[in-house]
Amino acid sequence: DVCIEKYLADFSGREEKLEEVIEFYGLRKDYPAYSLFKIHEELHGKLVDEGMLDLYEKMELPLCDVLFDMERAGFKVDINALTEMEKEYDARINVLLEKITELAGEKINPNSTKQLAAVLYEKLGLKSGKKTKNGYSTGAEVLENIEDEHPIIPLILKYRQLQKLLSTYIDGFRPLIDKKTGLIHTVFNQAVTSTGRLSSKEPNLQNIPVRDDEGREIRKFFIPRAADRVLVSADYSQIELRLLAHYSGCEQLIKAFCNEEDVHALTASQVFGVPVSEVTTAQRRSAKAVNFGIIYGISEYGLAKNLKIPVKVAAEYINKYFETYPKVKEYMNANVEFAKAHGYVTTAFNRRRVIPEISSTNYNIRSFGERAAMNMPLQGTAADIIKIAMINVFNRLKEQSPDSVLILQVHDELIIDCKESEAAKVEKILAEEMQGAVSLSVPLTVSVSSGKNWFAAK
């Protein structure tokens, strides 16, 4: 598969057409078969030289069959539930619009930057925030900063949120549902992301919101394909943090995961200098943001923005974190130094990401490169692990529960559509194969549940 060979050995960071690739290698478009063969020879040699042949032959190629099966299987949508939700959202949006009109003293379109800016900043006299070349911004970030200034702001934000959910996930999904079967067939991209993660399109089933109640509600209209079936969902718990503990060799984190301690409470205890038993909900939430932020190479400015705290306080949190877990700091720095020396970083399975930004003279571009160097080995290894799990789950289902179908992967989560009578067996298969995908110094834990729709199975 030349597409996958090129993705692994010579990734350009964008989707490419066959003609473009042939041209890039200086071959002839009017001899596509010959050109493809010559490209294959060159790329295959590169995979061998760079130690990626196993990644190609044992992970990516077998995954093609799994993804083909998943795309063909599809995910059933409850059309009636979709229609009911559409009516409910329309009604809620209209109520919000009436309230916005009342508070604005005139009829406005909350999606029109011009109309909104005139009402908020001129008529109501609110502080205007950042100005763009087209006038004052009314983007979500700007409005969230002045949310407490006037009761109209939360209504506008809620209106936009519901409008986006309605247009993207309800109206947007409807034309993609097969009228005969009620199934929706996403397309999985195996050769698009720079980290090795899968992506999904037409529709994107991987970006259904999970952070807010309204977004999660969308999962309710994804159901099993028959009345006697259920959905079984399994997802890794804090996989990237566990990988960070393993690869950094940080004793405190390894011990915490092995003893099934609450890692966020532990971090909060260290950062705020209180016993674990006295950690407050707010402190744990802050520590969670620090824990996950560290994986993504977050800056004090980024953390301050996330937690809505002063930059100085955020810097103290990060410094305290690294004082507590010095091996994490060493590991992150080592990734950055490796990238500077070699121009790339790799996952545990030798997947490579080239990071040209790391040597840029522009501070912002170089900082992006450094963050990518810190995060890619963790995010990429997590992506590799779930791919191994998918292949193993797929093969085991064929042998032990052939009527069960793997239908979706959402980064750390796998979803299977199976007969209700097989649910316990499928849950066991999922847990065993996901937890046993690799052997680390910390356990990989998986939470498994089932239900009559995707929301209930979570």
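Start with the residues that line the second largest pocket of this predicted model, which divide into 10 nonpolar, 6 polar and 6 charged (Ala, Val, Leu, Ile, Met, Phe, Trp, Tyr, Cys and Pro count as nonpolar, Asp, Glu, Lys and Arg as charged, and the others, Gly among them, as polar). Local features here need pLDDT of at least 70 and side-chain atom pairs count only at pLDDT 80 or more, while totals for chains, interfaces and linings use all residues. Residues are numbered from 1 along each chain as its sequence is written, and side-chain values use heavy atoms, with hydrogens and water left out.

To find the centre of this second pocket, select Gly297, Ile298, Ser299, Glu370 and Met374, which lie nearest to the centre among the 22 lining residues. Its volume is about 580 Å³. On a 1 Å grid over the protein atoms alone, a pocket is an open set of points with protein on both sides within 12 Å along at least five of seven lines, a cavity is a set where a 1.4 Å probe fits but cannot get out, and lining residues have an atom within 4 Å of a point. Grid points are joined across faces, edges and corners, and a volume is the space filled by probe spheres set on the points. Helices H14, H15 (311-324), H16 (326-342) and H17 (363-400) each supply at least two residues of this lining; helices (H or I, at least four residues) and strands (E, at least two) are DSSP runs, numbered from the N terminus.

Next, select Val210, Arg211, Lys288, Phe292 and Asp412, the closest to the centre of the largest pocket among its 38 lining residues. This pocket has a volume of about 1,600 Å³, and its lining has 15 nonpolar, 11 polar and 12 charged residues. Helix H13 (281-295) is one of the elements that each supply at least two lining residues, as are strand E8 (229-236) and strand E13 (446-451), and H13 gives the most, with 7 residues.

A search of the whole structure finds 1 cavity of 30 Å³ or more, and about 70 Å³ of space lies in the largest cavity. H17 provides the largest share of its lining, 5 residues.

Now move to the loop between strand E6 (199-201) and helix H9 (213-217), where Pro203 has its place. A cis peptide bond joins Glu202 and Pro203, with omega about 0°. Glu202, in the loop between E6 and H9, has a phi near 55°, a positive value in a residue other than glycine.

Then colour helix H3 (residues 32-49) and helix H4 (residues 53-73), whose axes come within 6 Å and cross at roughly 105° (axes are lines fitted to C-alpha atoms, for helices over the stretch in contact, with angles from 0 to 180 degrees between N-to-C directions). H3 and H4 are therefore roughly perpendicular to each other, a term that covers 65 to 115 degrees. His44, Leu47 and Val48 of H3 and Leu53, Tyr56 and Glu57 of H4 make the contact, which means heavy atoms within 4.5 Å.

Finish with the aromatic pairs, which number 12 (rings of Phe, Tyr and Trp, its six-membered ring, with centres within 6.5 Å; planes under 30 degrees apart count as stacked, over 60 as edge-to-face and the rest as tilted). Phe75 and Trp454 form a tilted pair, 5.7 Å centre to centre with 40° between the planes. Phe75 lies in strand E1 (residues 75-77) and Trp454 in the segment after E13, so this pair ties together parts that are 379 residues apart in sequence.

Notes. Angles under 35 degrees count as roughly parallel, over 145 as roughly antiparallel, 65 to 115 as roughly perpendicular and the rest as oblique.
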